[in-house]
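Please keep the sequence and the coordinates in view while reading.

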Amino acid sequence: MNGAAAAVSPGGSAWRAAWRQLRARRSALLALGVLAAIALAALLVPCFSPYDYATPVWTRIFTPPTLQAGRIFGTDALGRDLLVRVMWGCRISLLVGVAASLVSVVIGVLWGATAGYLGGRVDGLLMRTVDVLYCVPFIPLVIVLEVLFGRNFLLVFVAIGTVSWLDLARIVRGQTLSIRAQDYIAAAQALGVRPATMIRRHVVPNLIGLVMVYATLTVPSVILFEALLSFLGLGVQAPLASLGSLVADGAGEMQANPYLLVIPAAFLAAIILCFNRLGDALRDAFESHRG
Amino acid sequence: MSRWPLRRLALPALLALAACGPGHGGADPRPDRPRVGTAAAATQELTRAIDAGGVRSIDPSISSDLPAGRVLDDLFEGLTRLGQDGEPVPGVASRWDTSADGRTWTFHLREARWSNGAPLRAGDFVYAWRRTVDPRTASDYAQALAPVANAIAVSEGRLPVTALGIDAPDERTVRVRLEAPTPYLLSLMTKSFAFPQYEPAIRAHGDDWVRPQFMVSNGAFVLRELVIGGRIALERNPRYWDAAHVRLQRVVYLPLDRAAQTDRFFAGELAFTDSFSAEQTSWLRSRLGDQVVSAPYLGNFVLGLNATRAPFAGNRALRLAMSMAVDREILVKYVRQGLYEPAWTPTPPLPGYHAPVPAWARLGEAQRHALARRYYAEAGYSAQHPLRVELHYPTDSDNRRTYEAVAAMWRSNLGAEVRTFNEEFRVQLNERHLKLLALFHYAWIGDYPDPYTFLQLFRTGFGYNDGGYSNPRYDALLSAAGQESDAARRLQLLSQAEAVLDEDAACIPLYYYASRHLIKPYVRGWTSNIQDRNLSQYMYLLEHEGG
Amino acid sequence: MARYLAGRLLTAIPTLLVIATLAFMLLHLTPGGPFDSDRILTPQIERSIAARYHLDEPLWQQYFRYLGDLARGDLGPSFQYRNTSVNELIAQGLPVDVTIGALSMLFALLAGGALGLLAATRQGSVLDQLATSVAILGISVPVFVTAPLLILVFAMRLHWLPAGDWVSGSWQHLVLPSVALALPYTAYIARIMRASTCDALSQPFIRTARAKGLSPTAVLWRHALRPALMPVVSFLGPALAGVLTGSIVIEQVFGLPGMGRYFVTGALNRDYTVVTGITVLYGALIIGLNLLADLSYAWLDPRLRRPA
C-alpha cells in the first residue's frame, strides 16, 4: 500500500498505524504514561488530600518536604500544602493547554481546509490574511487584553487559542491541497456533492492524523504561554495557583526555600517535555508511515 | 540504550545542584558576613535599593511617592533638614524665630549656593511653594502644605498664588504665616514639597528641568544619570554648604522588587536594601546576623472602607464585625513573623500621644469572635446570606499574603466571602480616589511625627479621604485641635477625635509598619529613625573584605 | 530578487496598518479612557488636556490624526512617566533589546549549530543521544525558570557574574541575560541543524563528493553545510520575533531597562500610549526581521533567486 493510497482511506487505519508506530517508541510511550499519571494525580489528589489549596495554616509556614503528616512537598508562605497546590496548578495548566489548543485546532482546521479546498481567490484571501496576522505581535496584545478586560479566565483560553492557529492553518491547507487532487474527490464532485459537505465528510477526516500531531505540539507552547502570563502576574488570581504563578512565587524564595521553586518548575518542565516528546513521536510516526 | 534515564535525570540534577545548601566557607570572595576594617574605603560609592515602582518624577512639587522621596532627600535641602537621629535640624535656614501666637515663623537663611554656583535666595522658597500649590501644576500633594495660610484656597483656585502665606522680606529671610500653630512645622520643612526650586531652570526648560543635564539642586548630591524607571546615579556636590562633612562620592539608586533586592544583597551588588521579605526574617537573621535591621516606622497598614456605597455605608454593625473578626496577633506573629505591631486604631505609637484602643480589643479570642458574629447577624448577614465583597490591593507579595490571610479569617470567623484582587499601585490608587472600591488597601506613611498626619485622612473633603468618611463631630474636634496652642491639650483633642473613628469603625487597622533593611556592616553613618529617612550625606563606607 | 523584495514590502504595508488600527482601537475602547490619572484634576484642567490631545474630535478624525502621527514617527507622551515621550522610552529601551537579542541569537546559532552538527556527524552515538536530550530539555524548561536559576548559581553562589542591571560598557552584565534568553533557541536550532544535516549527508551528491576523494571534513563544510543551513535560516524569522517578545521576561527577571519592561509596566499601569506604541514597533520589527530572514534564505538557495 503506497503512501497516497493510505491517505485516501478515512482516518481509521491512519489511527491504528500511528498507534503501532507509537508503541514501538519506548520514550514516547513513557511520555504518555507520565502525562496520564500527572493528569490522574491532578484529578484525584486534591479530592483525597486532607489539605486545602486555599486555607492558611499559621503554625506550618515554610515547612520543607517531609514524610510526616503527608506533607510530601512541604508548605508555602501561608502554610498551605504544596502538593495540593501543585496538583491544582497541573489541573489548570492541563486544562488551559487542552482547551486553548482545541480552540486553535478548530479555527486552524476550518480556515486551512476551506482555503485548500476552495482554492482560487478565496484561498489567496485567506492565506494573505494568515501572512498578515503572522506578523502581529500577539503576546503583547494578549497581555494588554488581559489587563484591560479583567482577569476573566475564559478570556485566557480564547486569547491563547487565537494566537496559535496560524501554523496549523498553513499545514492543513497544504494537506488539503494534496487530498483534493485525489480521484475520489473528483468522483464525489461529479456526483454533485456540495463543497461544505465535501469538506466535512471527506477532507476533514483525512486530516485527523496531521491535526493530532500538531495539536499535541501546540499544547506545550500554550501551556508555556499561560505560565508566562501567570508569572507576570496576569493569569489566575490568588488563592488559585497555576504552575506559572507557583514558579513566580518560588523564584522569590529561591535562596531560603528552594523546594518552592524546584517542585513546581519540575512539574511544569515535565508536562511540557512529555507533550513535546509525544508530539515528536507522533510526527515521526505519521511521516514514516506516509513514506 | 534508552534515552530516558539521561533526560529524566538531567532536569532534577540541574535543579538539585542549584538548590545546594548554603556556604562555601573561606574561599568565598564575597562572604555573607564580610569582615570590616577601621579605615575608610578607597571607593566611597554606595548602592542602595528603592522600591520596584521606580521614580515617576523627581520634581519636588509633583512627586509624592516614597522612592522619589529618598532620591530627593539627597538632591535638595529645605529650610530644615533631617538630622542623623531623625530630628529636624537647621538646613538652609541657620536659625528661626516664632511669633507669640505661633502663627508666624521667620527663617534666617545662611549663605548657600545652588549646584550651578548661583546664590540661593529666599525667593527660591517662595517660588517653589507657590508652584507646589498652584492648580496649574496639578500636584496631588498640594494639600501637604495645608498648614500654611491660604494653601487650600490657592490649590482649589479660589485665591491667587500670591496669597499663599509665604514671603521673602529680603534675600536672606523667609517668613511663613500659618493657619494655626503647627508644632510639627519644622518636620514639615524637611519634606520635598517644601524644598526650594531654581526658577531660571524651570522657566528655560519647562517640564524637562528634571533631566540630569538641566537640573539645578541645592543638596549634598547632584543628579548625574537617570534611566527612566531604572538606575539613578548621584554625585557629591562640592557646592553644598556642608560639603566638608559629606564623605560619599557617588550614590546609586536601583529600583528593584523585594526578592531581587535580597538576591543582589547576597550577590554583593547592593549595600543597603529598602526592604526584605518578612517571611524570610529568621532565615535571613541566621545567614546575615546584624545586617538585618528593623525598627518602628511611622506608617499604618489599614483597610479602607467606603462610607458612600454598599455594603458599608451606614452599616456600623457590619464595619465593627469585620474589624473584630480579624485576628491581628495571629497575623503579626505568623504572617509577618513578629516584625510588626498589631493595630486597633489608625495612629501608630508616638511619644506623648495616647492613642485610644477600642474596648473590644482586650477581649479574649472566643469572646471577640462571638461579638463579631453578633454584629454580623445584626447587619443582616448569615450563612445563607453571606457578605460578598471585593478587596482591592496594590500588587505586592507582602500585601497578598496579608490579605489572603485576612480573607481566610473572615471566611472562617464570620462566613463572609471576600475576594481579593491585586492591581498596579497607580491603578488601585486611582480607583479608590474615584470611590469605586468598597474595601481597599489604605496604608499610609506619615509625613511628620504627629498624629494629625494620619487623622487628616478622615477629615471631610481631604484629598486622600478615599473612603468618603464624613462626621461633623470628628471634623469639629480636628479643627479645635488645629486652633489649640497648648501642645498637651492639642494631643488630647486629637485623641478624642481618634476615639470617634474607633467607635465608628471608620477603617480596619491591621498593623503598624516596621522599616526593614539589609545593610552591609561596612556601611556606617545611618541610624534607624521613625520616618525611615536615611540621608546619604551622613553615610560612608569602611574598608572590608571582598571590597 | 528586486521583484521579490518589492512584493514583500507591499504585503508589509497592510500588515502595519492592521497592527496600527488594532492598537488605536485598544487605545480608545478601554474602560476609563487614556487619561485615568492619579491626580484629582479640576474640570478645567481635564478640558485643556482633552483639547491638547484632540480627544474632543470625532473618532474617525482622531484615527487619521493618529495614523499621521505614526507616519511621522510620533508615538505620543507616556502617562506613567511624566515629561517623557514614548519615543524617548523606545530610544532608551531599543538598544538594550537589540544588544541582548543579537547576542542571544549569535549564541543560539553558534552553540545550537555546533551541537546539531556534532549530533549529526555522530549519529546514534552516546554524544548524539546526550545532545538530543539536552535539546529537548532546553525547549521544555521555560525561560522564567532558567533565568532565576542562572542568577542563583552564577551570581549569588559563585559570584562570577552580576545578578542583573544594565551598565553601559560592562560586558559582564550582558552574559547571563543573553544566555538565558538563548537557551530555548539553542535547543531548537540544534534539533533543526541535526535533522537537516542528516538529511543533507544522505543526499546522492555527498556520495559523489566522497567518491571523488574529499575528506569527510571537507565534505561537511563545503557541500553539506549550505543546504543544511537553510531550514535554520528559515527558522530565524520566527526565532528573532520570539527573542523580541521573550526578552520581556528576561528584562523582568534581570531588571533591564528594555522595551519589554516598559511594555509590561505600561500594560499594568494602563499607560496606553506606551503599550500601543511599543506594540506597533514590535510589529514593524517582526515584519522587518521576517523579510531579512526570507532574503537570506533566497540568497542561500540560488533556485529561489529567479522570479517565481
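The paragraphs below begin with conventions and then turn to the chain itself.

This is a predicted model, in which local features need pLDDT of at least 70 and side-chain atom pairs count only at pLDDT 80 or more, while totals for chains, interfaces and linings use all residues. Residues are numbered from 1 along each chain as its sequence is written, and chains are lettered from A and ligands numbered from 1 in the order in which they are written.

Chain B contains 16 helices and 20 strands; these are DSSP runs numbered from the N terminus, helices being H or I of at least four residues and strands E of at least two. The radius of gyration of chain B is 25 Å, close to the 24 Å that the globule rule gives for 547 residues, so the chain is as compact as a globular protein of that length. The radius is taken over C-alpha atoms, and the rule is 2.2 Å times the number of residues to the power 0.38.

S18(B) pairs in the antiparallel sense with strand S12 (residues 292-305) of chain B over 10 bridges; pairing requires at least two DSSP bridges between strands. Within this pairing, Pro509(B) in S18(B) is the bridge partner of Val302(B). Strand S13 (residues 341-342) of chain B also pairs with S18(B) in the antiparallel sense, over two bridges, and Tyr511(B) is the bridge partner of Pro342(B).
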